[in-house]
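View the structure first, then read on.

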Amino acid sequence: MELNVVWFILVAVLFIGFFFLEGFDYGVGILLPFLGRDDAERRLVINTIGPVWDGNEVWMITAGGALFAAFPHVYATLFSGFYLALFLLLLALIGRGVAFEFRSKQAAPSWRAAWDTAIFTGSLLPALLWGVAVANLLQGVPIDANMQYTGNFFTLLSPYTLTAGLAFVLVFTYHGAVFISLKVEGEMIGRARSAGLKTGLAAAVACLTLVGLTYVSTDLFRSLPAGAALWGAVASFLVSYWLLRGEKYGLSFTFSGLAIVLTTLAFFAGLFPRLMVSSLNPAWSLTIYNSASSPYTLKLMTIAAAVMVPVVLGYQIWAYWVFRKRLGVKGHLEY
């Protein structure tokens, strides 16, 4: 297999891991002000992701690094074209990360309320922006023959991309609700289940609308594997919802995660071998061939990835195993 293809697959795998893990991570942050009725309950919600949220974000950093090293022209075009959106994304993530660390430093209600707002905003905005970004990459953006983005921030906003942003927010919120139901004990389980059922219904409507718009706005369904993966994602989400109604939280979480995995898989399968589609001329699209690094660079990167990826995976599995127990408001809450 060509190294260009290997690195396309590796970037796809990194984004699949990122959306699966950070999906429930964002969802927990979005639900924070709605599930926690007092400070102790809000601390409980935050502690469900407290020990793992920063590890989850490593997947995004690694995916960005892999994209920069393997396909530098894509990285350059993407960051120049999506500059304002990515700046807002980073600002939200920085505020969210600081909030996790500083919230418990003082007990004043106004202090903690301010950081809770930062966690909520820092979870909602990235979820929305990732949906808008993914839809734009699939639909195509104005890229000229010199691989330069010729649009502006508002070019990225359309009914299709905004629907994708809303669908991402709702699916991640649902994913987060199911995760909380797995991690807490007592009354909070029922509250998280109720939130999941409400957001899940809205997410199902948004996802079906998004699939319809994807059919008319992109060429994704020309790829049989991509189309099958997208319909598989819808089916997995519906199964997850049915399992949540039956209070089978573990299986429900597995299928909601599978829905996110299949959606990301459909996105990359629909793009292949392109990475950024030009809406001006298909021949000007950035592909894994015209935007890749030299074969020598890809070879060195492949050796480094073969050594480091298993180490990172092993560490993250260990972290989730250590912090696998359910949490209660009367237990030790670190955050």
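## Glu187

What is the place of Glu187? Glu187 lies in helix H8, residues 187-217. Helices here are DSSP runs (H or I, at least four residues), numbered from the N terminus. The model is predicted: local features need pLDDT of at least 70, side-chain atom pairs count only at pLDDT 80 or more, and totals for chains, interfaces and linings use all residues. Residues are numbered from 1 along each chain as its sequence is written, and side-chain values use heavy atoms, leaving out hydrogens and water.

Glu187 is exposed, at a relative accessible area of 53%. The cut-offs are under 20% for buried, over 50% for exposed, and partly exposed in between (1.4 Å probe, protein chains only). The Glu187 side chain makes a polar contact with the side chain of Arg37 at 3.2 Å. Another polar contact joins the side chains of Glu187 and Arg191, at 3.2 Å. A polar contact is a pair of N or O atoms within 3.5 Å; within protein, one must be able to donate a hydrogen and the other to accept it, and residues adjacent in sequence count only if both atoms are side-chain atoms. Gly328 is 141 residues from Glu187 in sequence, yet 9.6 Å away in space, C-alpha to C-alpha.

## Helices H1 and H3

The axes of H1 (residues 3-35) and H3 (residues 53-70) come within 9 Å and cross at roughly 155°. Axes are lines fitted to C-alpha atoms, for helices over the stretch in contact; angles run from 0 to 180 degrees between N-to-C directions. H1 and H3 are therefore roughly antiparallel, a label for angles over 145 degrees.

Residues making the contact (heavy atoms within 4.5 Å) include Trp7, Phe15 and Phe18 of H1 and Trp53, Trp59 and Met60 of H3. By class, this contact has 15 nonpolar, 3 polar and 3 charged residues. Ala, Val, Leu, Ile, Met, Phe, Trp, Tyr, Cys and Pro count as nonpolar, Asp, Glu, Lys and Arg as charged, and the others, Gly among them, as polar.

Helix H6 spans residues 109-139 and holds Leu138. Leu138 is buried, at 7% relative accessible area. Leu138 touches residues including Tyr160, Thr214 and Phe267. Thr214 is 76 residues from Leu138 in sequence and 8.7 Å away, C-alpha to C-alpha.

Arg112 is also in H6. At 11% relative accessibility, Arg112 counts as buried. The Arg112 side chain reaches the backbone oxygen of Arg103 at 3.4 Å. Among the residues that Arg112 touches are Asp39, Arg43 and Gln106.

Technical notes: Helix = DSSP H or I, 4+ residues; strand = E, 2+ residues; numbered from the N terminus. Parallel < 35°, antiparallel > 145°, perpendicular 65-115°, else oblique. Lists of a residue's contacts leave out its neighbours within four places in sequence.
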